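Biologist: Could you walk me through this structure, please? I am new to reading models like this one.

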Amino acid sequence: MENQPDTPSSRADSSAHPMIRRPANTRLLNFLVAAEHVILYLVSFVLLGVGVAILAVMGFTVLRDDSAGAEKIIIVLEELLLVLIVLEIFVTVQTHLEGGRLQLEPFIIVGIIAIVRHILSVVVRLSIPVTSAENRERLAELAVYVGGAFVLVAALALARWSQRRPDQSVDEEPSASSG
C-alpha cells in the first residue's frame, strides 16, 4: 500500500488522506530556494554596510562633539553595542545561508545588547540634574530595563541549558554505572 502507482484512484485517495504527501514541484522549490539565497546575500551586504556606516557616523560624532570625555565614551559604547547587534544579525543570516537552522539564542543576545544600550542612556540621563519626579521616572525606567535584562539572561541560560541537557544525560549514564 505504500508504493501505489500514480493513478487517478490513488490521487483521489491521497486527497482524502491529508497525511499522504504528493511529490513537490522541484523546479519551483529550487527557484524559491535560489531567490531566498539571493535575498539573504543582499541582506548580508546591507547589514555590513549598516555596521560600517554606524562606525563612520560614530567617528565623526566623537571627533566633532565638544562633550566631556566621559560622554564621548558613553557615545562610543552605545554605538559599538549597536554595531554588535547588527553583526549578531549578520552572523545569524550567514548561519542560515550555510544551511543552519534559525536559532533563538542570537535573538536573545540582540535583545540583551539592546537593553544594555538603553540602560546606558538612562544612566547618562540620571547624571543630569532634574526634578525629583523626573528622577523617579528615570529610576522606574531603569528598573524596568534591568528586569527585562534579567528575564532575557534567564531565557538565554534556559535556551543554552535545554540544548546541552540531552548530551549531558547521555554522558552521565556511563559514569554512573562505572562508579
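Biologist: At what angle do α3 and helix α4 pack, and how far apart are their axes?

Modeller: Helix α3 and helix α4, which covers residues 105-126, pack at an angle of about 170°, and their axes are 9 Å apart. Axes here are lines fitted to C-alpha atoms, for helices over the stretch in contact, and angles run from 0 to 180 degrees between N-to-C directions. That angle makes α3 roughly antiparallel to α4, a label used for angles over 145 degrees, with under 35 counted as roughly parallel, 65 to 115 as roughly perpendicular and the rest as oblique.

Modeller: Before we go on, this is a predicted model, in which local features need pLDDT of at least 70 and side-chain atom pairs count only at pLDDT 80 or more, while totals for chains, interfaces and linings use all residues. Residues are numbered from 1 along each chain as its sequence is written, and side-chain values use heavy atoms, with hydrogens and water left out.

Biologist: Which residues make the contact between α3 and α4?

Modeller: On the α3 side they include Leu81, Ile85 and Thr92, and on the α4 side they include Pro106, Phe107 and Ile113, where contact means heavy atoms within 4.5 Å. By class, this contact has 16 nonpolar, two polar and four charged residues; Ala, Val, Leu, Ile, Met, Phe, Trp, Tyr, Cys and Pro count as nonpolar, Asp, Glu, Lys and Arg as charged, and the others, Gly among them, as polar.

Biologist: Is Thr92 buried or exposed?

Modeller: Thr92 is buried, with a relative accessible area of 10%, since buried means under 20%, exposed over 50% and partly exposed in between, using a 1.4 Å probe and protein chains only. Thr92 sits in helix α3, residues 69-97, and, leaving aside residues up to four places away in sequence, Thr92 touches Leu102, Pro106 and Phe107.

Biologist: And how do α2 and α3 lie relative to each other?

Modeller: The axes of helix α2, residues 26-64, and α3 come within 10 Å and cross at roughly 170°, and these two helices are therefore roughly antiparallel as well. Their contact divides into 20 nonpolar, five polar and three charged residues.

Biologist: Changing topic, how many helices and strands are there in the protein?

Modeller: The protein has five helices and zero strands, where helices (H or I, at least four residues) and strands (E, at least two) are DSSP runs, numbered from the N terminus. Buried residues make up 20% of the 179 residues in the protein.
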